[in-house]
Amino acid sequence: MTQLALVIDLNVCVGCHACVTSCKQWNTSGSAGPLVDENPYGADPTGTFFNRVLTFEVGEFPNTQTVHFPKSCLHCEDPPCVPVCPTGASYKRKEDGIVLVDYDRCIGCNYCTWACPYGVRELDEQRKVMTKCTLCVDRIHDQRLPAAERKPACVLACPTQARLFGDVHDPDAEVSVAIRERGGYALMPEAGTRPANHYLPRRKSEDRTDSRQLVRERNPLRVEGREPAHGHGAPLDADWEH
């Protein structure tokens, strides 16, 4: 069975929130929206997002680092949100493994929210229905789009290519290779939900600075004869040296 999912590379995620804003834009104007923002800038803000980026400071001074952690519905292979739904509004598609919500059947009871161990479902306060990441299901299967654009909006928007998308049951797919070769892991496996989405761990990067890059070159303004005149605030002669 096909299982579409996201694989997120924590090593290159810079926390720019491009995935958050692109997700909001696509879904609020698509089949999932409108996604309410009743009071986005108040003391008690309310808003509906399918994807959020959490930022943490880890380690102890002086060995600390900032970690950006994107999180959305993990499209579990054994989703606990599905069996608790009293109306059958939450369901998992057999053809691609995506977990969705039928808004026409959802009564906003919040049972699925309580069952989800990842806290990735959000109640739309205006429509009183449960919302969540759909992996842009209305986009990835749209034959009118070029094949290269049939990906979730967050994947297309990521400037560092930290988000991969594909079938994790296909051993030759890019996502499966990344998980296998780079130690990809599922979030909270102890919950027994078998999340389809995976994360690639952070790793220490090697210093690849070329020693020639550390040599100070002569200021090009000096070479071109356009250097500033000497006087108050002007650079010293020593500044023009190599």
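Contact here means heavy atoms within 4.5 Å, and helices (H or I, at least four residues) and strands (E, at least two) are DSSP runs numbered from the N terminus. The model shown is predicted, so to speak of local features we need pLDDT of at least 70, and side-chain atom pairs count only at pLDDT 80 or more, while totals for chains, interfaces and linings use all residues. Residues are numbered from 1 along each chain as its sequence is written, and side-chain values use heavy atoms, with hydrogens and water left out.

**View 1. Helix α1 and its cover.** Buried means under 20% relative accessible area, exposed over 50%, and partly exposed in between (1.4 Å probe, protein chains only).

**View 2. The largest nonpolar core.** This core, a set of buried Ala, Val, Leu, Ile, Met, Phe, Trp, Tyr and Cys residues joined through side-chain atoms within 4.5 Å, has 28 residues. Ile 98, Tyr 118, Leu 135, Phe 165 and Tyr 199 have the most contacts inside it. Two or more residues each come from β1 (4–9), α1 (18–28), α3 (137–140) and α4 (153–157). Beyond its neighbours within four places in sequence, Leu 135 is in contact with residues including Leu 4, Leu 6, His 75, Ile 98 and Phe 165.

**View 3. Around Tyr 199.** Look for Tyr 199 in strand β9 (residues 198–200), where its relative accessible area of 1% makes it buried. Leaving out residues up to four places away in sequence, Tyr 199 touches, among others, Ile 8, Phe 69, Pro 70, Gly 183 and Leu 187. The side chain of Tyr 199 also reaches the backbone oxygen of Pro 70 at 2.7 Å.

**View 4. Asp 9 with Arg 182.** These two form a salt bridge (a side-chain nitrogen of Lys or Arg within 4 Å of a carboxyl oxygen of Asp or Glu), with the closest N and O atoms 2.7 Å apart. The pair links strand β1 to helix α5 (residues 174–182), 173 residues apart. Asp 9 is buried at 6% relative accessibility, whereas Arg 182 is partly exposed at 31%.

**View 5. Glu 122 with Arg 52.** Here the side chains meet in a salt bridge at 2.6 Å, N to O. Glu 122 lies in strand β6 (residues 122–124) and Arg 52 in strand β2, so the pair ties together parts 70 residues apart in sequence.

Methods:
A polar contact is a pair of N or O atoms within 3.5 Å; within protein, one must be able to donate a hydrogen and the other to accept it, and residues adjacent in sequence count only if both atoms are side-chain atoms.
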